[in-house]
Amino acid sequence: MTKRLNNKVAVITGGTSGIGLSTAKRFAEEGATVIVTGTNPESLEVARKELGDSAQVIASNAASAQD
């Protein structure tokens, strides 16, 4: 990897499964600080396990201003 995303921050809503999770993994590999959000407790836990220390995983609904 080229680490072309060093010193960049990526926030990926819906990033706990599917394309969002794959994107989070790739961005982390490229050096980005990654924050992913999601609402499903099970997929949040899977994302935490798969991403480890390479990302922050936050329970949040992107459609909710309060979240």
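Student: In what order do the three strands form the open sheet, and is the pairing parallel or antiparallel?
Tutor: This is a predicted model. In it the strands are arranged E1-E2-E3, and the pairing is parallel.

Student: Which are the edge strands?
Tutor: Strand E1 (9-13) and E3, each of which pairs on one side only.

Student: How much are neighbouring strands turned against each other?
Tutor: By 15° on average, with direction ignored.

Student: And where does H1 go?
Tutor: H1 packs on the sheet and touches E1 and E2. The direction of H1 makes about 170° with that of E1.

Student: What about H2, which strands does it lie across?
Tutor: H2 lies across E2 and E3, and runs at about 175° to E3.

Student: Back to E2 and E3. How many bridges do they pair over?
Tutor: Five, in the parallel sense. As for who faces whom, Ile35 stands opposite Gln56 in E3.

Student: OK, the core. Which residues are in the largest nonpolar core?
Tutor: It has 12 residues. Among them are Ile12, Leu21, Ala24, Val34, Val36, Leu44, Leu51 and Val57.

Student: Which elements supply at least two residues of this core each?
Tutor: Helix H1 (18-29), strand E2 (33-38), helix H2 (41-51) and strand E3 (55-59).

Student: Why would such residues sit together?
Tutor: In soluble globular proteins, nonpolar side chains tend to be buried together.

Student: Take Val36. What does it touch?
Tutor: Leaving out residues up to four places away in sequence, Val36 touches Ile12, Gly15, Thr16, Ala24, Leu51, Gln56, Val57 and Ile58.

Student: Now Thr37, buried or exposed?
Tutor: Thr37 lies in strand E2. Thr37 counts as buried because its relative accessibility is 9%, and the cut-off for buried is under 20%.

Student: Which residues does it touch?
Tutor: Not counting residues up to four places away in sequence, Thr37 is in contact with Ile12, Thr13, Gly14, Gly15, Thr16, Ile58 and Ser60.

Student: And Thr39, where is that one found?
Tutor: Thr39 is in the loop between E2 and H2. With a relative accessible area of 55%, Thr39 is exposed, since exposed means over 50%.

Student: What does Thr39 touch, then?
Tutor: Leu44, Ser60 and Asn61, again without residues up to four places away in sequence. Ser60 is also touched by Thr37.

Student: How far is Thr39 from Ile12?
Tutor: The C-alpha atoms of Thr39 and Ile12 are separated by 13 Å, and the two residues are 27 apart along the chain.

Student: Last topic, the whole chain. What is its radius of gyration?
Tutor: The value is 11 Å. A compact globule with 67 residues would have one near 11 Å, so the chain agrees with that. Along the principal axes, the C-alpha atoms fill a box of roughly 35 × 25 × 20 Å.

Student: What share of the residues is buried?
Tutor: Buried residues make up 33% of the 67.

Student: What share of the contacts joins residues at least 24 apart?
Tutor: 44%, among contacts between residues at least 6 apart in sequence.

Key: Residues numbered from 1 in each chain as written. Predicted model: local features only at pLDDT ≥ 70, side-chain atom pairs only at ≥ 80, totals over all residues. Heavy atoms only, no water. Core = buried A, V, L, I, M, F, W, Y, C linked by side-chain atoms within 4.5 Å. Buried < 20%, exposed > 50% of the residue type's maximum accessible area, 1.4 Å probe, protein only. Helix = DSSP H or I, 4+ residues; strand = E, 2+ residues; numbered from the N terminus. Contact = heavy atoms within 4.5 Å. Pairing = 2+ DSSP bridges. Axes fitted to C-alpha atoms, helices over the stretch in contact; angles between N-to-C directions. Rg over C-alpha atoms; globule rule 2.2 N^0.38 Å.
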